[in-house]
Amino acid sequence: AGGQAPSRGAAARGLAAALLLAAALAALDLRSLGYERARNGALAAMAAGAPERAEAELRPALGEKLFRAPALEFLGRLNLAAPGGEPRAAVYYEETLLENRYSAEAWRSLRKIYSVPGRERDAAGLELRRREVYQGD
């Protein structure tokens, strides 16, 4: 019932794999910290009334697949909370749906944005798209 000790080559390969995994996780952690810093910068820009600067803060995240959808949702949320920001928020939420068609936040926020008088056509189109997404699966 005794097992053989792994060869030096197997142990070295195992160590190398562990080190590569640790390096990959550290790189992801640094990217996540960078994204959080960008979110804080965007929040500060919106608080200062500068929506263009908020988008500029998140531009690097918008270019990365991993952070694109969360960054779009965050910009949508910031603009929806800003006075008169609904049209800009709608653009961000529509882009979110292009990235993730199951984004509950985007569907919910767009329904709210399109529920005002004069946006009935947008609301109807949104509902049709929502049904296609959730009934088509």
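I began with two neighbouring helices: Lys65, Arg68, Ala69, Leu72, Glu73, Leu75, Gly76, Arg77, Asn79 and Leu80 in α3 meet Glu86, Arg88, Ala89, Tyr92, Tyr93, Glu95, Thr96 and Glu99 in α4. Contact here means heavy atoms within 4.5 Å. Helices are DSSP runs (H or I, at least four residues), numbered from the N terminus. I noted the classes in this contact: 7 nonpolar, 3 polar and 8 charged. Ala, Val, Leu, Ile, Met, Phe, Trp, Tyr, Cys and Pro count as nonpolar, Asp, Glu, Lys and Arg as charged, and the others, Gly among them, as polar.

Some ground rules. The model is predicted, with local features needing pLDDT of at least 70 and side-chain atom pairs pLDDT 80 or more, while totals for chains, interfaces and linings use all residues. Residues are numbered from 1 along each chain as its sequence is written, and side-chain values use heavy atoms, without hydrogens and water.

**α3 and α4**

I looked up the axes of α3 and α4; they come within 8 Å and cross at roughly 155°. Axes are lines fitted to C-alpha atoms, for helices over the stretch in contact, and angles run from 0 to 180 degrees between N-to-C directions. The two helices are therefore roughly antiparallel (angles over 145 degrees). Their crossing is left-handed, meaning that the near helix is turned anticlockwise from the far one by less than a right angle; clockwise would be right-handed.

**α2 and α3**

Next I took α2 (residues 51-62) and α3 (residues 65-81). Their axes come within 9 Å and cross at roughly 170°. These helices are therefore roughly antiparallel to each other. The crossing of α2 and α3 is right-handed. From α2, I listed Pro51, Ala54, Glu55, Leu58, Ala61 and Leu62; from α3, Phe67, Arg68, Ala71, Leu72, Phe74, Leu75 and Asn79. This contact has 10 nonpolar, 1 polar and 2 charged residues.

**α4 and α5**

I then moved to α4 and α5, whose axes come within 9 Å and cross at roughly 145°. The crossing is left-handed. Glu86, Ala89, Ala90, Tyr93, Glu94, Thr96 and Leu97 of α4 touch Glu105, Ala106, Trp107, Ser109, Leu110 and Ile113 of α5. I sorted them into 8 nonpolar, 2 polar and 3 charged.

**Glu94**

I picked out Glu94, in helix α4 (residues 86-99). Beyond its neighbours within four places in sequence, Glu94 contacts Leu110, Tyr114 and Arg129. The side chains of Glu94 and Tyr114 make a polar contact at 2.7 Å. That term covers a pair of N or O atoms within 3.5 Å; within protein, one must be able to donate a hydrogen and the other to accept it, and residues adjacent in sequence count only if both atoms are side-chain atoms.

**Aromatic pairs**

I found 3 aromatic pairs (Phe, Tyr or Trp rings, the six-membered one for Trp, with centres within 6.5 Å). Tyr102 and Tyr134 form one that is edge-to-face, at 5.7 Å centre to centre and 70° between the planes. Edge-to-face means planes over 60 degrees apart. Tyr102 is in the loop between α4 and α5 (104-113), and Tyr134 is in helix α6 (residues 120-135), 32 residues apart.

Technical notes:
Parallel < 35°, antiparallel > 145°, perpendicular 65-115°, else oblique. Phe/Tyr/Trp six-rings, centres within 6.5 Å; stacked < 30°, edge-to-face > 60°.
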